[in-house]
Amino acid sequence: MQPTWEPASGSGAALIQELSLTLYIGCALIFVFVMVLLARAVFSGPRTVRPRRWLAGGGLVFPGVVLSLLLVYSLAVSGALANFSGQGLFRFLLDCISGSSRSLAASAERPLRVEVTGRQWWWQVRYIEDGGGFELANEIRLPVGRPIDLVLVTDDVIHSFWVPALAGKVDMIPGRVNRLTLKSDVPGEFLGNCAEYCGGQHALMRLLVVVEPEADFARWREEQSRPASAPDDEFLALGRDAFFRARCGECHTVRGTSATGKEGPDLTHIGSRKTLGAAVLDNHIGTLGGWIAGTQAVKPGSLMPDTRSLNGRELRALSAWLENLK
Ligand SMILES: [Cu+2]
């Protein structure tokens with residue numbers, strides 16, 4: 001489930017929900033007010049009214065004041081979303097009024113930058129760091145309470161990045177670079193989905209955003225930066241050999257080996273990921289084997305072909321090796 005009405009606290013989605021609620025409640029109050037006037041007009045019999053007063057009051061002053069307030073308010077919310085640096089809306093308004101540059105200062109010290117590329121039908125995720133960084137797929141991790149800047153691009157057609165509990169939709173358009181800041185003040189796993197039809201498996205193009213305590217995030221980041229470790233027993237070595245014999249390396253990269261393919265997700269730490277195939281399957285040794293042997297059954301039309309060239313033992317060894325790439 002990806003409900004829009006349960007935003008994570010401190011996220012952009014929470015600001016959007018605040019704005020929507022204000023609009024819904026405001027509209028409802030005005031609707032009730034107009035209906036009361038209507039009922040009075042219908043049921044209270046003839047009386048004299050002062051048309052000028054009603055025209056000027058109800059037709060000019062009231063909408064003028066209400067719409068101006070709403071305009072200022074919605075601009076402030078958009079501003080807060082664009083400059084998202086974790087402070088509340090009230091703080092942001094104060095900053096605007098006092099001309100303080102606090103929000104700019106805060107955005108300058110944001111260290112985390114992640115490039116997300118939409119691909120048919122999965123998400124390529126690159127953490128950009130001094131001296132390289134690392135790559136994974138369909139999973140973005142961030143520490144609680146700290147914003148991360150996403151750079152959203154596409155490799156093929158238009159996609160749209162949407163994690164309802166964290167932020168509004170942002171399209172990924174060929175030839176353009178869009179940006180989005182994610183932040184959450186609570187830990188958790190938040191499911192997202194591509195929100196712009198992009199071909200056959202659009203509905204199975206999902207992703208997981210994992211918000212975790214700073215220490216867990218730091219450990220994860222450290223592990224992801226390392227190359228894959230060498231297999232430490234015979235069975236795992238058989239799995240690694242099967243990987244190269246089945247030519248998986250032509251499409252997949254495993255850092256620390258000779259596999260440098262770019263067509264599919266980086267598998268250097270596939271064992272540490274929570275899902276497979278763009279958050280379609282939970283990730284464990286069973287689903288790994290099933291995915292490899294029956295990709296087209298799980299995700300028909302996926303750009304990864306079924307692998308039929310391995311025998312049962314090789315398939316189990318290959319799955320075990322991948323599961324061990326933590
Ligand atoms: Cu799509």
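## The largest pocket

Strand E11 (275–276), helix H7 (285–293) and helix H9 (312–324) each supply at least two residues to the lining of the largest pocket, where helices (H or I, at least four residues) and strands (E, at least two) are DSSP runs numbered from the N terminus. This is a predicted model, in which local features need pLDDT of at least 70 and side-chain atom pairs count only at pLDDT 80 or more, while totals for chains, interfaces and linings use all residues. Residues are numbered from 1 along each chain as its sequence is written, and side-chain values use heavy atoms, with hydrogens and water left out.

Helix H7 gives the most to this lining, with three residues. The lining has 34 residues, of which His252, Gly264, Pro265, Trp291 and Met304 lie nearest the centre of the pocket; a pocket is an open set of points on a 1 Å grid over the protein atoms alone, where a 1.4 Å probe fits, with protein on both sides within 12 Å along at least five of seven lines, and lining residues have an atom within 4 Å of a point.

## Paired strands

Five strands form an open sheet with mixed pairing, in the order E4-E10-E9-E6-E7, two strands being paired if DSSP finds at least two bridges between them. The edge strands, each pairing on one side only, are E4 (139–143) and E7 (170–172).

Within this sheet, E9 (residues 188–194) and E10 (residues 206–212) run antiparallel and are joined by six bridges, and Asn193 has Arg206 in E10 as its bridge partner. Elsewhere, strand E5 (residues 148–154) pairs with E8 in the antiparallel sense over five bridges, and the bridge partner of Val151 in E8 is Arg179.
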